[in-house]
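This report describes the sheets, the interface and the salt bridges of a protein model. Please keep the structure in view while reading.

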Amino acid sequence: MDTLDTPSDNQLYALPWMVGTLVARTAETPTAMTLEIDVPGWRGALAGQHVDVRLTAEDGYSTQRSYSLASAGTMGLPGVPPDPAAHGSRIALTVQVVDGGEVSPYLTEDLQVGDQIELRGPVGHWFVWQPADPHPVQLIGGGSGLVPLMSMLRTRRLAGSRAPFRLVVSVRTPADAIYADELEALGGDVEITRVWTRRAPESWTGPVGRIDAALLEAACFPPDERAHVFVCGPTPFVEAVADTLVDLGHDPERIRTERFGPTGP
Amino acid sequence: MAIISRGFRGKRDVDPRIPPGQYLERGFPVLSAGPTPRADLSTWTFSITAGGAPRASWTWSELTHLPHDDIVKDIHCVTKWSKLDSAWRGISLDTLLDGVEVAPEEQYAMAHCDGGYTTNVPLADLRGGKAWIAYQYDGAPLPPEHGGPARLLIPHLYFWKSAKWVRSLDLMTEDTWGFWERLGYHAYGDPWKEQRYWGD
Ligand SMILES: Cc1cc2nc3c(=O)[nH]c(=O)nc-3n(C[C@H](O)[C@H](O)[C@H](O)COP(=O)(O)OP(=O)(O)OC[C@H]3O[C@@H](n4cnc5c(N)ncnc54)[C@H](O)[C@@H]3O)c2cc1C
């Protein structure tokens with residue numbers, strides 16, 4: 001295959017636990033919070049990678065979860081100015097609350113600015129987009145599955161890439177739409193298709209419901225453009241989208257998937 | 001010394017059967033790198049090869065008529081979930097390897113799967129009642145998204161080693177890395193030692 005298979009930083013390296021400090025919390029929606037974290041010694045990341053977060057209770061009990069990086073990946077980007085405040089040791093995660101969950105409510109509600117948190121990464125060299133790759137890129141995200149795709153969009157902008165990008169983003173209701181303003185601002189440059197599965201904004205004239213073959217066929221780069229396709233979200237969403245894309249004639253080899261959890265919109 | 005997360009208590013579904021850094025999951029999440037491949041059982045075969053050369057091969061009917069095991073095991077995914085007492089039916093790799101000539105220097109194997117996925121396992125981990133070709137889950141045919149028609153089942157290693165959609169095992173004289181192993185994951189993957197990533 002092509003450049004996507006040769007990450008620019010694919011050397012064997014260990015991933016020790018690092019200590020980050022929460023520097024900002026921004027509510028994206030009533031149930032999703034972006035956490036900006038300063039991580040001294042952070043080595044940068046490729047767009048699409050994630051970190052493992054570890055929480056430890058006073059008596060030593062601890063648990064871990066994975067969260068995608070929302071911030072741009074700076075690894076292998078030539079000419080990115082060494083501006084640590086903008087993109088050196090600062091990363092961003094966006095966490096969607098899972099009701100009754102062990103970790104996501106803690107991260108979105110309890111973790112305060114100034115608190116320390118353990119994490120390690122970046123992890124994963126498969127669900128990644130290389131900014132030097134000029135091929136078209138089709139992004140398809142459901143719910144918080146938009147997070148690593150946002151990193152790819154931000155990386156594209158930071159890198160000044162001209163690779164054609166299209167995005168299909170599916171959420172339940174307008175109140176669940178993360179990064180709404182930033183996506184709006186991208187509108188001229190990236191073709192964005194919105195899917196509302198439960199309720200659309202007042203002004204919406206299109207259908208409300210799950211992604212189907214007709215929508216994917218209309219919204220996505222056609223198979224003969226051989227776009228890289230990144231599909232991320234809850235398992236049933238990813239299964240349905242990836243299967244439909246294969247039915248529509250997309251090459252399975254060009255579809256990369258990341259599954260976040262058991263249920264979804 | 002770990003950083004204490006102020007005010008964090010956790011859910012404490014603690015069970016000595018859950019390895020470090022894992023949590024108990026009652027559902028059965030799916031992890032795979034791409035779309036779910038589709039198999040045609042009328043042409044499906046499972047083979048054992050060595051350096052790519054055939055040593056043995058079974059059709060779907062031949063495989064599923066071999067003596068099977070019913071297996072109840074805990075499984076541990078590198079994405080942090082563990083599932084206790086998962087119930088499978090499959091053919092022990094001891095049964096399959098017994099009829100195959102294996103040279104003493106062939107100490108490693110690479111699983112090859114539909115969709116191009118590969119994973120490497122030492123032969124010792126495939127023998128001694130530790131590994132199966134599984135084709136039923138919870139009393140029903142293994143669903144495609146969970147690796148059907150058949151997947152490797154090596155419950156004592158992280159679950160990515162239990163390669164979905166498996167089609168062959170290639171015996172090797174040297175340990176070479178498979179798909180996730182080349183992409184940052186550990187070459188062996190013992191959940192009790194938390195061997196998740198390179199260098200763990
Ligand atoms: C590679 C990777 C990247 C991820 N990136 C992100 C990200 O960027 N943002 C983000 O918010 N999450 C992300 N996740 C999901 C995250 O790791 C956790 O699974 C999620 O936050 C729930 O953890 P919890 O401890 O709150 O819930 P748990 O205590 O683990 O689960 C509580 C209950 O909710 C169910 N559940 C678990 N996850 C979900 C879900 N996603 N939707 C609905 N029900 C669920 C469980 O089955 C369980 O029954 C990612 C997962 C992976 C594997």
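Two strands are said to pair if DSSP finds at least two bridges between them. The model discussed here is a predicted one.

**The open sheet of chain A**

In chain A, strand β7 (residues 137–142) and strand β10 (residues 228–233) run parallel and are joined by five bridges. One of the residues involved is A:L139, whose bridge partner in β10(A) is A:F230. Both strands belong to an open sheet of five strands with parallel pairing, in the order β9-β8-β7-β10-β11 (chain A). At the edges stand β9 (191–196) and β11 (255–259) of chain A; each has a single partner strand, so one side of each is left without a neighbour in the sheet. On average, and with direction ignored, neighbouring strands of this sheet are turned by 10° against each other. Helix α6 (residues 235–247) of chain A packs on the sheet and touches β7, β8 (165–171), β10 and β11 of chain A. The direction of helix α6 makes about 155° with that of β10(A).

Strands of a sheet pair through backbone hydrogen bonds, either parallel or antiparallel. In chain B, five strands form an open sheet in the order β3-β2-β11-β6-β7, and the pairing is mixed. The edge strands β3 (53–59) and β7 (118–122) of chain B each pair on one side only. Here neighbouring strands are turned by 20° against each other on average, direction ignored.

Chain B also contains a hairpin of β4(B) and β5(B), with four residues between the strands. Within this hairpin, B:K80 takes a positive phi near 105°.

| Strands of chain B | Bridges | Bridge partners |
|---|---|---|
| β6 (residues 108–113) and β7 | five bridges | B:A109 and B:V121 |
| β4 (residues 69–76) and β5 (residues 81–92) | seven bridges | B:V72 and B:A87 |

**The interface of chain B and chain A**

The size of an interface is often given as the accessible area lost when the parts come together. Between chain B and chain A, the buried area is about 3,600 Å², and carbon and sulfur atoms give 55% of it. In chain B, the residues that lose the most area to chain A are B:I3, B:F8 and B:W198, together 20% of what that side buries. Contact between the two chains involves 36 residues of chain B and 44 residues of chain A.

The polar contacts between chain B and chain A amount to 17 residue pairs, with both residues at pLDDT 80 or more. On the side of chain B that touches chain A, helix α3 (residues 179–182) of chain B provides the largest share, three residues. The residues of that side divide into 17 nonpolar, eight polar and eleven charged.

**Salt bridges**

Over all chains, the structure holds 21 salt bridges. How many of them cross the interface of chain B and chain A? The rule finds four there. In one salt bridge, B:R38 and A:D247 have their closest N and O atoms 2.8 Å apart. B:R38 lies in the loop between β1 (23–24) and β2 (45–50) of chain B, and A:D247 lies in helix α6 of chain A, so the pair joins two chains. In another, the side chains of B:K80 and A:D52 meet at 2.8 Å, N to O. B:K80 is also the residue with positive phi in the hairpin of β4(B) and β5(B), while helix α6 of chain A also packs on the sheet of its own chain.

Methods
Residues numbered from 1 in each chain as written. Chains lettered and ligands numbered in written order. Predicted model: local features only at pLDDT ≥ 70, side-chain atom pairs only at ≥ 80, totals over all residues. Heavy atoms only, no water. Axes fitted to C-alpha atoms, helices over the stretch in contact; angles between N-to-C directions. Contact = heavy atoms within 4.5 Å. Buried area = accessible area lost by both parts, 1.4 Å probe. Polar contact = N/O pair within 3.5 Å; in protein donor to acceptor, adjacent residues only side chain to side chain. Nonpolar A, V, L, I, M, F, W, Y, C, P; charged D, E, K, R; others polar.
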